[in-house]
Amino acid sequence: MTALNACAGGPDGSPLVLDVPVSGTERSAIHPLDLADGDYVEGMLDSGTDAADLRLIDKEGRPIRLLLNGTAGREVFRFVAKPDMAALHVTLRGAGGYRLALTRRIAVADQHPVLQGHLSPTIAALAETVKRGGSTDAFWQDMARRGTPLVEPMTDAPGADRVTMTFLARGARHNVRLLGGPTSRHETLERLDGSDVWFKSFVVPASTRLSYQIAPDVPDFPGTCRACRMAILAQLQADPLNRRPWPADAPDAYNQVSLVELPGAPPQPGLEGGWGEPAGRLVAERFASGILGNTRDVAVYAPPGVDPAGPDTVLLLLFDGPDYLNRRAPVPTMLDRLIGDDRLPPVIAVFIANPTAEARERELPANPAFAAMLADELLPWLSDRMGIRSPPDRTVLAGSSYGGLAAVSAALARPDRFGNALSMSGSFWWRPADAPPDRPEHMAGLVASRDRRPVRFFLSAGLFESGNDGEIGILESSRHLRDVLEAKGYEVAYRDYAAGHDHFAWRGALADGLLTLFGR
């Protein structure tokens, strides 16, 4: 205590008081503290143009912690009080003065999170009912009548372009997981006060369009992180209270998804009337590649009256082809309508399948051999067998996920054959196994390092496809690739959709992309 009092900076050596600044001009001064163990403390030291040090010291004047080291001007410091912390020691490195103040102090008893309540007013009201011992039966009857998820306007922002969306499940024993919601995580639903209500609320744009599944009572067992995450597949199923299961004629709920399409969702050109039988000709073939050493299914769709060799005809090569030949993404129907309404020129669509799932993982991510197969084998094969001949500026590569990455990479590799690339949620986070860890975006790096090539681009991504835990996601990497392409002088169109990694959104993005690149 003698050392502390001898150097006390205040006129009477009294402890610093919250929000009461003290001033000093001495090169070295000590300001006593009167704090309780565990107090959270914030403070400010302003030394003007002079550099200053600030230390916590004990009762004997021994340093405990350096808070500020040679800083000048106004600086903020923070610490948690411990019993041996007796004072703050200011050391000026110049002849000026300083001001010191404690600006915030939070006792241990007050250090707890502030309860924000429920995002959903309906869930908040139900929580009060349950707390009073009431039943959830009326709530579930209302949900069965209205359909799920529960969508409510934002009460604090009338007329805003956002809503609260709450996903629900009833009666699970241990847990409920959500796949396909408004994040790229497998979200965990919360149980409401020990009731039979499991819920998770999100604030989403009023233009949201997505498909999702729920998984009640997912097994939780020792294993790798991936193994535990994959266990969700054992229980994924359609939401029983959702009014739009797809496909409606699925054999069971485990083979269905649930659809959400808010009133503000943008139109999907060519699909305004829903699914319909295509009117053109679909020819299924087997195509063998010597470059890749495998064989795959290839389906070619020609809408009514389209001349495969016409000067205005567009050739669309679409990866993961079978995914775009069903009711969830009925591309032939879409093309019929857009061409019939004179919104698109004639389009021949080639749906390219993957030989196997393993081949897809190997071939689609920026593989030069895959680009060579398309340019040097598939295009001549299409010309010989079906008379399809389109110049590069009338040829477009298109795909989603890895297929979006393949569309961009193959067009850049072979601009002599492909003058357009259309990417939906492209996996631009991908990088080769031997890529340096400080270069996580391989495609953006390739674009930046090469001269501009005669290729046009349409890129799209979902707002719900951002990265997790510091990882770069599809949303961030797609926006970055857009910026790099624009900086190199490319013609680029880019769209964000209030959606996730989802064919339900991609079918609209494909139509938007074709209209942007070739629309009349």
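The model is predicted, so local features need pLDDT of at least 70 and side-chain atom pairs count only at pLDDT 80 or more, while totals for chains, interfaces and linings use all residues. Residues are numbered from 1 along each chain as its sequence is written, and side-chain values use heavy atoms, leaving out hydrogens and water. The protein chain has a mean pLDDT (the predictor's confidence in each residue, from 0 to 100) of 92, with 94% of its residues at 70 or more. Residues 1-11 have pLDDT below 50.

With a relative accessible area of 57%, serine 23 is exposed (over 50%, with a 1.4 Å probe and protein chains only). Beyond neighbours within four places in sequence, serine 23 is in contact (heavy atoms within 4.5 Å) with Tyr98 and Arg99. The C-alpha atoms of serine 23 and aspartate 46 are 9.5 Å apart, although 23 residues separate the two along the chain.

Next come the pockets. A pocket is an open set of points on a 1 Å grid over the protein atoms alone, where a 1.4 Å probe fits, with protein on both sides within 12 Å along at least five of seven lines; lining residues have an atom within 4 Å of a point. The largest pocket holds about 1,800 Å³ of space. Its lining has 44 residues, and Leu179, Ser184, His186, Ile474 and His501 lie nearest the centre. The second largest pocket has a volume of about 280 Å³. Among its 16 lining residues, Arg244, Gly274, Trp275, Phe504 and Arg507 lie nearest the centre.

Methods
Buried means under 20% relative accessible area, exposed over 50%, partly exposed in between (1.4 Å probe, protein chains only). Grid points are joined across faces, edges and corners, and a volume is the space filled by probe spheres set on the points.
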